[in-house]
Amino acid sequence: IPTNPTASERSVFESIVALADHVVVTSDAAAQRLNSSFTVERHKVSVIAHGATIPLGIALKRAGRPTVLTWGLLGPGKGVERVIDAMSSLQELRGRPQYVIAGPTHPKVVATEGEAYREARMEQVRNLGLTGSVVFDPAYRSGSALAAMVQSSAVVVLPYDSSHQVSSAALVNAVASGRPVVATAFPHAVELLNTGAGIIVDHDDPEALTSALRRVLSDPRLAGNMAAEGRRLAPTLAWPVVATSYLTLAQRLLRERRALV
């Protein structure tokens with residue numbers, strides 16, 4: 001949902017909304033933007049959260065070095081350079097944390113720029129002397145393998161460049177997995193982490209990012225409280241709950257349509 005739509009974007013978007021019986025967005029931030037940036041009928045807009053698979057059983061034991069994790073398709077805008085810079089100041093912490101950047105490069109980025117962004121980040125790591133503390137893992141994971149990686153992390157960091165992102169699957173999965181989160185202040189993060197499941201930092205404040213990571217990695221009580229809040233929120237994000245919300249909405253729309261016949 002663009003913040004400042006062009007005339008063409010506005011025309012196309014409003015035409016689609018006008019034709020739809022109902023519109024679903026995945027965050028309150030998205031609903032607010034839709035209502036403020038476009039001419040829509042407010043009663044046609046509902047918020048149903050992005051879903052997540054809730055881990056079952058006992059949380060995995062975290063052995064070895066504490067892991068700071070970012071995952072997803074890599075490319076400009078991911079913001080991992082911020083965390084790489086921060087890692088220089090975190091090496092004296094107990095256990096010498098490592099930063100894992102997991103996931104392949106985005107196919108669209110590969111098509112236009114090749115692996116230039118990944119290679120630039122690898123050069124950044126070498127220049128900072130962090131070769132043993134930053135890991136690039138280009139494997140694609142899904143399902144249980146991704147869940148295990150997330151659960152094994154000490155903290156998930158989402159350092160995105162965008163200040164307009166109103167939906168993040170990685171954010172939802174991190175919270176639902178009971179992992180502490182540090183994120184830049186994109187709208188979905190501000191919304192989902194406001195009860196204590198994570199720490200929000202400004203995009204242009206590298207000291208705040210470093211400080212937030214340091215706090216989570218060195219204060220077990222803080223990390224535990226954040227994880228507990230994520231687990232409290234998890235049931236509201238479970239896919240069956242999300243599916244029920246869609247089903248309830250669909251049934252209401254059918255009843256309304258029948259009433260008009």
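Predicted model: local features only at pLDDT ≥ 70, side-chain atom pairs only at ≥ 80, totals over all residues.
User: Is His 22 buried or exposed?

Analyst: His 22 is buried. Its relative accessible area is 14%, and buried means under 20%.

User: What is His 22 in contact with, leaving aside its neighbours within four places in sequence?

Analyst: His 22 is in contact with His 43, Lys 44, Val 45, Ser 46, Leu 249, Arg 252 and Leu 253.

User: Take Val 45. What separates its C-alpha atom from that of His 22?

Analyst: The separation is 6.1 Å. Along the chain, His 22 and Val 45 are 23 residues apart.

User: New topic, helices. At what angle do α3 and α5 pack?

Analyst: Helix α3 (residues 80–87) and helix α5 (residues 116–127) pack at about 10°. Their axes are 10 Å apart. Angles under 35 degrees count as roughly parallel, and α3 and α5 are therefore roughly parallel to each other.

User: Which residues make the contact?

Analyst: From α3, they are Val 80, Glu 81, Ile 84 and Asp 85. From α5, they are Tyr 117, Arg 121, Gln 124 and Val 125.

User: How do those residues of the α3 and α5 contact divide?

Analyst: Four are nonpolar, one is polar and three are charged.

User: Now α7. How many of its eight residues are buried?

Analyst: Six of the eight, so helix α7 (residues 169–176) is largely enclosed by the rest of the structure. The buried ones are Ala 170, Leu 171, Val 172, Ala 174, Val 175 and Ala 176.

User: What do the buried residues of α7 pack against?

Analyst: Three strands are β3 (67–71), β6 (155–158) and β7 (181–184). The helices are α6 (144–151), α8 (187–192) and α10 (220–237).

User: And what follows α7?

Analyst: Gly 178 does, and its phi is positive, near 70°.

User: Last topic. What volume does the largest pocket have?

Analyst: About 630 Å³. It is lined by 30 residues. The closest to its centre are Trp 71, Gly 72, Leu 146, Ala 169 and Ala 170.

User: Which elements give two or more residues to that lining?

Analyst: Those are α6 and α7. The largest share, five residues, comes from α6.

User: How do the residues of that lining divide?

Analyst: The lining of the largest pocket has 16 nonpolar, twelve polar and two charged residues.

Definitions and conventions
Residues numbered from 1 in each chain as written. Heavy atoms only, no water. Axes fitted to C-alpha atoms, helices over the stretch in contact; angles between N-to-C directions. Helix = DSSP H or I, 4+ residues; strand = E, 2+ residues; numbered from the N terminus. Parallel < 35°, antiparallel > 145°, perpendicular 65-115°, else oblique. Contact = heavy atoms within 4.5 Å. Nonpolar A, V, L, I, M, F, W, Y, C, P; charged D, E, K, R; others polar. Buried < 20%, exposed > 50% of the residue type's maximum accessible area, 1.4 Å probe, protein only. 1 Å grid on protein atoms, 1.4 Å probe; cavity = no way out; pocket = protein on both sides within 12 Å on 5 of 7 lines; lining within 4 Å. Points joined across faces, edges and corners; volume = space filled by probe spheres on them.
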